[in-house]
Amino acid sequence: MISLPINNLNTGQIDFTDRAFDLFYPIKLPAQIPDKPDSLQLPALVQNSLSGYRIIVGKELLEFRKLEETVQAYVLPENASDMDTFCIAANYIRLFRPLFPVEIARIIQSLLDNKTERETIARIFFPEIGLPPNFKLIDAYQNCLNLNIKIIEWLIEKNAPPKTWFALSALDREFQSNLILLLEKTHPTLSVLEEIVRNIRETIIRDDTNIYQILTEIEWKTILENSDLPEVEKITILRQRITRLRFPFLSSHTERAKTLRQKIDTPPNVRISYDPTFEIKALTLDATFASPKDIDALERFFTEENRRKLNELFENL
Amino acid sequence: MTRRTLNDLPNLTPEILDNDDDISGRDDLPDAKQVLFLTHSKGDIVKDCPGTSKDYLCCRYQVINQTQNCPLNCTYCILQFYLNFPATVIFTNVDEILQEAATKIQHHPKRLFRIGTGELGDSLALGGSRYFAECAVEFFASLQNAVFELKSKTTQIDSILPLKHGGKTILSWSVNPQEIIRKEEWAADRLPDRLAAAKKAQDAGFLIGFHFDPILSLPDGNRLYLKLCDAIYNTVDPARIAWISLGSLRFPPSMKDAMAERYPKSAIPYGEMIRGIDGKLRYVRPHRVSMYRPIYERLIRVSNPPFVYFCMESPTVWMEVTGFSPESNNHLDFLFADNLHRRFPDHFPIKPEREEYDHDCTL
């Protein structure tokens, strides 16, 4: 609960040039009319300063209402510390939505720039905004400042969890720019992007290679820029190729088993399956009998030729 | 034993706690590997080895968890993610622990128990572990139906060699190609040094053992592991090796991210792994078989080869690699005893009877 005075401010006294706290994205809520930032009447948060009211939260709302005479806002006192200001601002936003990792990163950077100790950030600030007092999180969040703006916007749009932000922020510029091409050309889901990034990254570490070699090998750009391919197919092709790089043995084993399976002509009421991980070496035959003909079909299935093929499939599991 | 352990650390001032003090909640301590907690055990210390699943054969080994945690920071070690106590624990009530072992195994006098330390930490890396080992070696020398194993990646055996072991202690070493030891086991002793220690142990009359665990999938793995087999057989007498275990890399999925975070340059978390029947990540089965088979064939290609077995592997893998699979955990347990009796009748004169192993006997 924010227990600050709420005032009707003279809009002429708001200092729109003071960007010291311009760290937060707008609070957008489902009921909000898209082109009317003030449609939910959420007050802004400002702070008294020598040059007027410094905007803390609600820049978009205040700019929208710039030409009006007065606007409502919560007012922080001039002598509130940076830490207190950030805590209040962050928790105000948290009333409506989680903080985006890039917002936390910006706060951390601002505090560090003002000589706040890392210990203070971890042990005092983080618990105030619902985070554990963990030093490693300082670096993890700060890395989010390395993210390309388009990736940031995509992550916000997808409501991505912090672990996805952290995973993408560990990628170098080249990797990120290639990801942007993927985002633009295929509009993947969050889980698909996570899978692609994870598999590429893990292949790079395991095989001691680099992003350039991987993307060249799978013809990343060629596929994405091929205007004859629908988006879905682009994603499917890239995922298959990346999976084959990440799991070469499993992929070739799977393809061999699939080829052998396809050679076996099973009647419609019979299904053959096996463990896709090959940990269990077993074939399962499921047969459905809806009529006596189905039983005959199953009996006819076990020719010498089919037995041989079943055996071959089994041996190759 | 407490005094001996503290004498090894003259520059440290111990903090004496009351008997009831519980340090598990303390958050003022540095990393658990930098804190030594000497105490008496409460509850059982001698337990069945935690084999994970009925779908993988388990040899019914027993463990004495006298030391809990390990100073060797192997990247793939499950302990660093499994043990959540804020200190390395050494239980100093040696007599009680050994008596616990003796009491448990005396209920099944016709069964040979294999008992070892080295499950929750290296058997010999720490002073407190070695002092326990010295007592245990001589204790087990007098037990008819038990064999004691010390498992290590170090060469700290000098105080063990002169002991009267009665042929009832097996000194064993976990091994990997030196290329892997350099990258993933950098606090442990080099392979040539471990093998030299094994030779010393053998010359002192001890039976020895080796554990190829974890076997890792490597670009040149076949050649490296065969070179390892040859290095072992060129150093020690295969006929005096009690057993060799083979086990490929396996770990719980939750450990993958933790390993990657702690060792960001290690390739180990990113092998081609699937979830096994017990939920642990393992290499794909046919790939494991292709790794095991050349190692197994090289190891048994001597007269009087050691008993080569798999740790936590499926009967399918046993069959595909060796052409044989134990029928059950009980059967595998029996095969150990049978092999020791046939190959080392002086130390294991009593012929094991299969029916004694055909019922479960959880400690």
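Modeller: Leaving out residues up to four places away in sequence, Ser325(B) touches Leu57(B), Pro315(B), Trp318(B) and Met319(B). Please bear in mind that this is a predicted model.

Colleague: Where in chain B is Ser325(B) found?

Modeller: Ser325(B) lies in the loop that runs between α10 (315-322) and α11 (329-343) of chain B.

Colleague: And why does Ser325(B) count as buried?

Modeller: The relative accessibility of Ser325(B) is 14%, and therefore Ser325(B) counts as buried, since the cut-off for that class is under 20%.

Colleague: Let us move on to Leu335(B). Which helix holds Leu335(B)?

Modeller: Leu335(B) is placed in helix α11 of chain B. Leu335(B) has 16% relative accessibility, so this residue also counts as buried.

Colleague: What is Leu335(B) in contact with, leaving aside neighbours within four places in sequence?

Modeller: With those neighbours set aside, the contacts of Leu335(B) are Phe307(B), Phe324(B) and Pro326(B). As for Ile295(B), this residue is 40 residues from Leu335(B) along the chain, and the two C-alpha atoms are separated by 20 Å.

Colleague: Now the whole of chain B, please. How many helices and strands are there?

Modeller: Chain B contains 11 helices and 14 strands. Its radius of gyration is 20 Å, close to the 21 Å that the globule rule gives for 363 residues, so chain B is as compact as a globular protein of that length. Taken along the principal axes, its C-alpha atoms fill a box of roughly 55 × 50 × 35 Å.

Colleague: What share of chain B is buried?

Modeller: Of the 363 residues in chain B, 56% are buried. Among contacts in chain B with a separation of 6 or more, 75% are between residues 24 or more positions apart. The chain exposes about 15,700 Å², of which carbon and sulfur atoms supply 50%.

Colleague: Turning to chain A, is the chain compact or spread out?

Modeller: Chain A has 15 helices and seven strands. Its radius of gyration is 29 Å, well over the 20 Å that the globule rule gives for 317 residues, so chain A is more spread out than a compact globule. The C-alpha trace spans about 95 × 50 × 40 Å along its principal axes, and buried residues make up 45% of the chain.

Colleague: How many positive and negative side chains has chain A?

Modeller: Chain A carries 39 positive and 46 negative side chains, with the centres of the two sets 4 Å apart. For chain B, the counts are 42 positive and 47 negative, and the two centres lie 6 Å apart.

Colleague: I am also curious about helix α13 of chain A. What do its buried residues pack against?

Modeller: Within chain A, the buried residues of α13(A) pack against α12 (231-246), β6 (270-274) and α15 (304-315). They also pack against β12 (273-275) and α9 (285-299) of chain B. Among the buried residues are Leu250(A), His253(A) and Leu260(A). The helix covers residues 248-262 and reaches 21 Å from its first C-alpha to its last, close to the 21 Å expected.

How values were computed:
Residues are numbered from 1 along each chain as its sequence is written. Chains are lettered from A and ligands numbered from 1 in the order in which they are written. This is a predicted model: local features need pLDDT of at least 70, side-chain atom pairs count only at pLDDT 80 or more; totals for chains, interfaces and linings use all residues. Side-chain values use heavy atoms; hydrogens and water are left out. Helices (H or I, at least four residues) and strands (E, at least two) are DSSP runs, numbered from the N terminus. The expected span of a helix is 1.5 Å times one less than its number of residues. Buried means under 20% relative accessible area, exposed over 50%, partly exposed in between (1.4 Å probe, protein chains only). Contact means heavy atoms within 4.5 Å. The radius of gyration is taken over C-alpha atoms; the globule rule is 2.2 Å times the number of residues to the power 0.38. Lys and Arg count as positive and Asp and Glu as negative; His and the chain ends are not counted. The place of a charge is taken as NZ of Lys, CZ of Arg, CG of Asp or CD of Glu. Accessible areas come from the Shrake-Rupley method with a 1.4 Å probe; for residues, only the protein chains shown count as cover.
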